[in-house]
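Trainee: I would like to learn how to read strands and pockets in a model. Can we work through one together?

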Amino acid sequence: MGNGAYVPAGGATRASGTQWFTKCLIVGCGCHKDLCSPALAADVRCCCFEMGMSVDPDRCRATDQLCIARAGVKVAPAVVEVSNPLWDNHELIVVCEKQVC
């Protein structure tokens, strides 16, 4: 990723540019200045496959932020989304792009 490629986890997993950066052939490591922001992050990019995830305690500083949740997946033309109705309640029932309630 030294060529400036996009890093899905927001750059938290990029070792180059961190303190004590060390690299041997294909494996690099370093120490990031932010200890727990994010606490855990991972990303994979290989040809046309890309995946990223992170666990960031900074996004849960207020109690109302604990309700923000969603997941989504796309397979060919079909897209499925799951959201929290307590937080995302502006569209509870929608049929063929028309809001029912």
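This is a predicted model: local features need pLDDT of at least 70, side-chain atom pairs count only at pLDDT 80 or more; totals for chains, interfaces and linings use all residues.

Trainee: How many residues lie between β1 and β2 in the hairpin?

Mentor: There are 2 residues between the strands of this hairpin. Look at Leu25 in the turn: its phi is positive, about 60°.

Trainee: What should I know about side chains in a strand, and how many residues of β1 are buried?

Mentor: In a regular strand, side chains alternate between the two faces of the sheet. Here β1 covers residues 19-24 and is hardly covered: the count of buried residues among its 6 is 0.

Trainee: Is Thr13 buried, partly exposed or exposed?

Mentor: Thr13 sits in the segment before β1. Buried means under 20% relative accessible area and exposed means over 50%. Thr13 has 31% relative accessibility, so it counts as partly exposed. Thr13 and Ala42 are 29 residues apart in sequence, and their C-alpha atoms are 6.5 Å apart in space.

Trainee: Now pockets. What is the volume of the second largest pocket?

Mentor: The general idea: a probe the size of a water molecule, rolled over the atoms, shows where empty space is left. In this model, the second largest pocket has a volume of about 270 Å³. Its lining has 15 residues; closest to the centre are Ala12, Thr13, His32, Asp34 and Pro38.

Note on methods
Residues are numbered from 1 along each chain as its sequence is written. Side-chain values use heavy atoms; hydrogens and water are left out. Buried means under 20% relative accessible area, exposed over 50%, partly exposed in between (1.4 Å probe, protein chains only). Helices (H or I, at least four residues) and strands (E, at least two) are DSSP runs, numbered from the N terminus. Two strands pair if DSSP finds at least two bridges between them. On a 1 Å grid over the protein atoms alone, a cavity is a set of points where a 1.4 Å probe fits but cannot get out, and a pocket is an open set with protein on both sides within 12 Å along at least five of seven lines; lining residues have an atom within 4 Å of a point. Grid points are joined across faces, edges and corners, and a volume is the space filled by probe spheres set on the points.
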